[in-house]
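Here is a short report on strand pairing, aromatic contacts and one surface patch. Please look over the sequence and the model first.

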Amino acid sequence: MYQAGLVLEGGGMKGVYTAGVLDFFLDKDLMCSRVYGVSAGACHMCSYISRQRGRALDISVDYLDTKKYCSVESLLTTGDLFNADTCYYMIPEYLHPYDYEAFERYEGKAYSVVTNIETGRAEYLRLKDMKKDIVAVQASASLPLVSRNVHIKGKQYLDGGIADPIPLRRSVTDGNRKHIVVLTKEEGYVRKPSGSTALFKLRYLKYPKVHELMANRHVDYNETMAYVERMQEAGKAFVIRPKKVSDVGRIEKDKDKLLALYEEGYRDAESCYRELIAYLES
């Protein structure tokens, strides 16, 4: 196991790129001592830790036409676009069983990044018991407006990407000397203002920090990306990300597009493998 922080950006269904990268890592038995997953990155992190190659991809493509997985019907009847019962109970317990014993054998530390909607700050919830702590993964992947707030120990959370989309600074703060950052946005990507955020202000009247974060999200993201690039240029972080713009939507239903993006992630990780190992062992 490499003493390194593995940072996984979110990105909705674009996260299948990350699934491809992680499956290549598993093929090479490349494990990191700390993993930080955001939103979709947190979901795919779980299968990486349990060394269940292919599981993250299967979950991403096997239920595309299932209303009880992701649908407007689910949003209207439960408050969650991605059905929480299906994603965080039926799938890990029955449909694509999670290897809890393998998770317990993982010798490193895994963190699900969430946004505390009362304070507006990111929190990094360690996963110790996946049966209990899967709620932290749910919180990390709960997109605002199309998800219910997730309650954990008296606090309310939403998607981790709102407050910390790429938690490289946290990896540095935790004392990791090496950092691998897997992004889902292509080289040169610059986030633009999202336009009107009035709906966020209305929906989260009791939690004004949510509106504040969403209104400034493009500024915070671009500043974070600039930090990632400075770290990369200084040789302090190793970044893997798509080389071209993907036509995969945040909520994508085209299986072929998803498979292609997964394969792109696998190939990109494979193409830089020697360079990555040299970085980790330097």
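Does Tyr-89 count as buried or exposed, or as something in between? This is a predicted model. Tyr-89 counts as partly exposed, because its relative accessibility is 38% and buried would mean under 20%, exposed over 50%. Tyr-89 sits in helix H5, residues 84–95. Together with Tyr-94 and Leu-95, Tyr-89 makes up a nonpolar surface patch of about 320 Å² accessible area.

**Strands**

Strand S1 spans residues 2–8, and five of its seven residues are buried. S1 pairs in the parallel sense with strand S2 (residues 32–38) over five bridges. Leu-6 stands opposite Val-35 in S2. From S1 the chain runs through helix H1 (residues 16–27) to S2, a right-handed β-α-β crossover. S1 also pairs with strand S7 (residues 179–182), in the parallel sense, over four bridges. There, Val-7 has Val-181 as its bridge partner.

**Aromatic pairs**

The structure holds 10 aromatic pairs.

Tyr-69 lies in the loop between helices H3 and H4, Phe-82 in the loop between H4 and H5, 13 residues apart. Tyr-69 is buried at 7% relative accessibility, whereas Phe-82 is partly exposed at 22%.

Phe-238 belongs to strand S8 and Tyr-279 to helix H13, so their pair ties together parts 41 residues apart in sequence. Phe-238 is buried at 8% relative accessibility. Tyr-279 is buried at 10%.

Phe-24, Tyr-266 and Tyr-273 form one aromatic cluster.

Technical notes. Residues are numbered from 1 along each chain as its sequence is written. This is a predicted model: local features need pLDDT of at least 70, side-chain atom pairs count only at pLDDT 80 or more; totals for chains, interfaces and linings use all residues. Side-chain values use heavy atoms; hydrogens and water are left out. Patches are made of residues with over 30% relative accessible area and no salt bridge: like charges are joined within 9 Å, nonpolar side chains (Val, Leu, Ile, Met, Phe, Trp, Tyr) within 5 Å. Accessible areas come from the Shrake-Rupley method with a 1.4 Å probe; for residues, only the protein chains shown count as cover. A salt bridge is a side-chain nitrogen of Lys or Arg within 4 Å of a carboxyl oxygen of Asp or Glu. Helices (H or I, at least four residues) and strands (E, at least two) are DSSP runs, numbered from the N terminus. Buried means under 20% relative accessible area, exposed over 50%, partly exposed in between (1.4 Å probe, protein chains only). Two strands pair if DSSP finds at least two bridges between them. A crossover is right-handed if, with the strands pointing away from the viewer, the path from the first strand over the helix to the second runs clockwise. Rings of Phe, Tyr and Trp (its six-membered ring) pair if their centres lie within 6.5 Å; planes under 30 degrees apart count as stacked, over 60 as edge-to-face and the rest as tilted.
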